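Keep the structure open as you read.

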Amino acid sequence: MAVKFLFFVFFLLTVSYQSESVLGRRLGKFIKHFEPLYYDPGSLHNVHRRAIEDRSDGNFAFSAFGKFHRLKLRPDRKIFTGDAQILSGDGKPLPFDRDAIVRGYVEGETHSDVYGVIDKKDGFHGKILRGAENYYVDPSSWYFDEKQDFPSVIYKDEDLEYDHAYAEIKKRFIPKVPERTRRSPKDGSSRLRRQTKEELEKNACTLSLYADNFFVELFGGKTNAILQLVKQVQAAQIIYMNAFNVSGIYKPYGVTFRVRTVVAFNKTDTLPSNLPSQVKDSNVGINTLLDYFSSVNHEAVCEAFLFTNRDFEDGVLGLAWIGDGTGKAAGGICDKYVDYGGGKKRSYNTGIVTLKLYGRFTPPRISEITFVHELGHGFGSKVC
C-alpha cells in the first residue's frame, strides 16, 4: 500500500535591502522587528483539509530568522467541551469550522508547542514555542492598510516593546455579599473549594467567551472574531498548565480551560441574554461595562469574559472580579448568580479584555498576557 506523505514547504524570499524595506522594519507601535512569510494560504488550507481526511498531521514548513521551521499540525480537539455552543447574539447557532483551530509541535523538538488557526484567507496565524525562542505569526492585514504580497508576518515575542504597567488595574472593586445571602467564612470557603475541585478532577475550567460589536468589527466578522477568542484560550492553556504545576494542589496536571460557550454579536444583532443595550456603546467605562456584563447569569461556567476593542481610561486593558474563598465577598471563578437586593442580580465570575491601547491595535502577546492576568484574579490573585 502506498504511503501518503503530506508535505508542504514554503519557499520564502530572502532579500537584503540597503535601504528601508519590509525585512527588519518596525511593525506598528509595538513590534520592533519582523519578517514576511510568502506562501499561498489557499494551498495550505487544502493541505490541512487533506490531512484531516487522512487522519494525519498536516505540514507547514518555512524558513525565518535564520532557522527552518517544520510544523506538524492537526485540529485541536481539546479546546471545546463536548456540549460547546457557538452562537450569535440572538442565541442562534453560528456556522463555524472547528477544524480550523490547530495544535501541534515543531518536528524534532520534543518540548515544542504550536497553536493557532489555519483559514483559507489568512493561512496560518498563531504561536510557535521553541524553548527559549518563541515566535508569533499574524496576518499581514492586521498591520497594513493596503494588501501585501505576503499573507503573514512573523516576529519573536522578545521583539515586542510595550509597558507591562498598561495591563495593571489601579482600582478593583470586590462586592460584599448581602447579609441574607452571606455564608460563614468556614462554610463559604469549603463550598467554593468543592466546586473548584470538581473542575480540577476533570483538569479543566469551563469558559464562556463573548465577542462584542467592536471586537467583531475589528476582525471583519463573527467567524474571524471567534477564531481570535479561541487562540486566547489556547495561550492560557499552555501558561496555566505550566504555572500551576509548581504547587502541590494542582500537580501533576496544572489547570487547563475548555470553551463551553462562544457568543459573537455585531452592532445590528440582538444582545444575548438580555444584556443592557449600553454594552454596545463606545463611551462606557470599563468598570461600568463589567457591571453590565455581570448582570447576566454566567453560573453555568467557571468564568465568563467579554472581549472588546475600545480605549479605556488610563490605558487599562482588562478588568475582572477577584476570587474570594472566605464567604465575606463575592467574586471569582465559579461564583454564583446572586440577588444583591433591589432587583440587582449579578454573576461576579466575569472579566473584560480589550485589544486597543491609546488608539492602537495590540498584538496577540499583549492581549494574551491581559487575559491570563485577569483569569488569575478570578482564582484569587490580588496582585495587579
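Before we start, one term: two residues are in contact when they have heavy atoms within 4.5 Å. Also keep in mind that this is a predicted model.

Now find alanine 304, which sits in strand 12. Which residues does alanine 304 touch, leaving aside its neighbours within four places in sequence? They are Ser208, Phe293, His298, Asn349, Thr350 and Gly351.

Is alanine 304 buried or exposed? With a relative accessible area of 0%, alanine 304 is buried, because buried means under 20% relative accessible area.

## One side of helix 5

Phe293, one of the contacts of alanine 304, brings us to helix 5, which runs over residues 286-293. Buried residues here are Ile286, Leu289, Leu290 and Phe293. Why do they sit on the same side of helix 5? Because the arc they cover around the axis is only 100 degrees.

And what do these buried residues pack against? Their partners are strand 10 (205-211), strand 12 (303-308), strand 13 (318-320) and strand 16 (350-354).

## The largest cavity

How many cavities of 30 Å³ or more turn up in a search of the whole structure? There are two. The largest cavity holds about 80 Å³ of space. Its lining is made up of Trp142, Phe219, Gln228, Lys231, Gln232, Leu355, Phe361, Thr362, Pro364, Ser367 and Glu368. Two elements, helix 4 (222-243) and helix 6 (364-378), each give two or more residues to that lining.

If you sort the lining of the largest cavity by class, you get five nonpolar, four polar and two charged residues. Lys231 and Glu368 are among the lining residues, and both Lys and Glu count as charged.

## The second largest cavity

Next up is the second largest cavity, with about 30 Å³ of space. Look around it and you'll find Leu44, Val47, His48, Gly58, Asn59, Phe60, Leu73 and Ile118. Here the elements that give two or more residues to the lining are helix 1 (41-53) and strand 2 (58-64).

What classes of residue line this second largest cavity? Five are nonpolar and three are polar, with no charged residues.

Methods: Residues are numbered from 1 along each chain as its sequence is written. This is a predicted model: local features need pLDDT of at least 70, side-chain atom pairs count only at pLDDT 80 or more; totals for chains, interfaces and linings use all residues. Side-chain values use heavy atoms; hydrogens and water are left out. Buried means under 20% relative accessible area, exposed over 50%, partly exposed in between (1.4 Å probe, protein chains only). Helices (H or I, at least four residues) and strands (E, at least two) are DSSP runs, numbered from the N terminus. The arc is that of the directions from the helix axis to the C-beta atoms. On a 1 Å grid over the protein atoms alone, a cavity is a set of points where a 1.4 Å probe fits but cannot get out, and a pocket is an open set with protein on both sides within 12 Å along at least five of seven lines; lining residues have an atom within 4 Å of a point. Grid points are joined across faces, edges and corners, and a volume is the space filled by probe spheres set on the points.
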